[in-house]
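Please examine the structure below. The paragraphs that follow lead through parts of its strand pairing and side-chain packing.

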Amino acid sequence: GKKFQQTEGLFMAKVRFSGGANGVMYLGTGERLPLITLAQWNGKRVAVGVRTAKGTETTGKQVVLQGMNAGKWLIYSVMVTAKEIAWYVNNQEVLRVPNTTKNTAFYPAVATFLPDQAKAATGKVEVDWVKAYTYLTI
């Protein structure tokens with residue numbers, strides 16, 4: 001089959017999290033890193049950010065969103081340009097960082113996971129829709 005991946009553009013997803021399980025809507029590459037998180041739910045809070053590798057070290061920036069009701073449908077967006085990566089929730093900017101993932105092709109993905117030392121819990125990651133747009137140069 002065909003694969004969808006792009007290096008720059010706008011990625012959007014309407015997502016709702018519930019319960020105590022960990023879930024994430026992210027932009028992946030097929031490798032462990034780099035990874036751009038549209039929204040990561042830890043059972044209590046939502047975070048957004050980016051993780052990259054510098055040698056054998058994992059680096060990046062992550063911010064926990066305050067006052068977000070993850071139990072409601074929210075639109076999480078990431079704008080990736082050659083210079084920056086910016087995150088939005090319901091069109092409100094929540095984080096902007098320099099792009100250290102330059103020329104990396106990403107695809108949208110969703111997962112649930114169990115962190116080290118955690119006990120299993122019940123929860124859901126519901127995705128209503130996912131959209132990806134490229135830049136149009138005229």
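**Strands and packing in a predicted model**

Residue T52 belongs to strand β4, which spans residues 46-54. The model is a predicted one. With a relative accessible area of 10%, T52 is buried, because that value falls under the 20% cut-off. Beyond its neighbours within four places in sequence, T52 makes contact with L33, P34, E57, T58, T59, T100 and T101.

Seven bridges connect β1 with strand β6 (residues 74-80) in the antiparallel sense, and M12 has S77 of β6 as its bridge partner. Strand β1 also runs antiparallel to strand β10 (residues 123-133), to which it is joined by 10 bridges; here K14 is partnered by W129 of β10.

The aromatic side chains come next. Two aromatic pairs are found in a search of the whole structure. In one of them, the rings of F17 and W41 are stacked, because their planes lie at 15 degrees, with the centres 6.2 Å apart. This pair links distant parts of the chain, 24 residues apart: F17 is in strand β1 and W41 in strand β3 (residues 35-41). The rings of F17 and Y76 form an edge-to-face pair, since their planes are at 65 degrees, and their centres are 6.3 Å apart. Here F17 in β1 is linked to Y76 in β6, 59 residues apart. F17 is buried at a relative accessible area of 1%, and Y76 is buried at 1%; W41 is buried as well. Through these ring pairs, F17, W41 and Y76 are linked into a cluster.

How values were computed: Residues are numbered from 1 along each chain as its sequence is written. This is a predicted model: local features need pLDDT of at least 70, side-chain atom pairs count only at pLDDT 80 or more; totals for chains, interfaces and linings use all residues. Side-chain values use heavy atoms; hydrogens and water are left out. Two strands pair if DSSP finds at least two bridges between them. Helices (H or I, at least four residues) and strands (E, at least two) are DSSP runs, numbered from the N terminus. Buried means under 20% relative accessible area, exposed over 50%, partly exposed in between (1.4 Å probe, protein chains only). Contact means heavy atoms within 4.5 Å. Rings of Phe, Tyr and Trp (its six-membered ring) pair if their centres lie within 6.5 Å; planes under 30 degrees apart count as stacked, over 60 as edge-to-face and the rest as tilted.
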